[in-house]
Amino acid sequence: MRLWHEALIGSLPRQQLLGQHREAAALRGGGWGKKHATVDYVFTHSPYKLYQYHELIMAEMEKRGYRPAPEWHDPSYRGKNLPPDIDVQPVPRTLPIYPEHDDAYLQACLLNLANKGILIEG
């Protein structure tokens, strides 16, 4: 599981973009707080930041003609099988959303994609 650097979202191939939606949805749902080496940093921030990141993913999906379930546009939504998180408080949007998504992280993401045969200029 990985959250791609937000600068790459508009350039992600279909498979990676849709996979990113599934991963963000999983993290917002039952995966919230569950240890995973690659994305543990997400849990040190407000869950609203994950919502902000997921909104970027869904905006790109919609731009490409996909229609994610509208419920995901609600920051408290956690999926069909979980109650809403009533404690999700808005936080200001930062750029990048996650401070961990720095230039080094961008380069690591580009290398990861290149190793999959996906070349994106970053």
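## A polar contact of His45

In this predicted model, the side chains of His45 and Glu100 are joined by a polar contact of 3.0 Å.

## Setting of His45

His45 lies in the loop that separates helix H1 (14-28) from helix H2 (47-63). Its relative accessibility is 18%, so His45 counts as buried, the cut-off for that class being under 20%.

Apart from neighbours within four places in sequence, the residues in contact with His45 are Trp32, Tyr98, Pro99 and Glu100.

## Fold and dimensions

The chain contains three helices and zero strands, and its elements follow the order α-α-α from the N terminus. The C-alpha trace spans about 40 × 30 × 25 Å along its principal axes.

A compact globule of 122 residues would have a radius of gyration near 14 Å; the value for the chain is 14 Å, so the two agree. Of the contacts between residues at least 6 apart in sequence, 72% join residues at least 24 apart.

Of the 122 residues in the chain, 43% are buried. The accessible surface amounts to about 7000 Å², and carbon and sulfur atoms account for 54% of that area.

Note on methods:
Residues numbered from 1 in each chain as written. Predicted model: local features only at pLDDT ≥ 70, side-chain atom pairs only at ≥ 80, totals over all residues. Heavy atoms only, no water. Helix = DSSP H or I, 4+ residues; strand = E, 2+ residues; numbered from the N terminus. Buried < 20%, exposed > 50% of the residue type's maximum accessible area, 1.4 Å probe, protein only. Polar contact = N/O pair within 3.5 Å; in protein donor to acceptor, adjacent residues only side chain to side chain. Contact = heavy atoms within 4.5 Å. Rg over C-alpha atoms; globule rule 2.2 N^0.38 Å. Areas by Shrake-Rupley, 256 points an atom, 1.4 Å probe, with all protein chains shown as cover.
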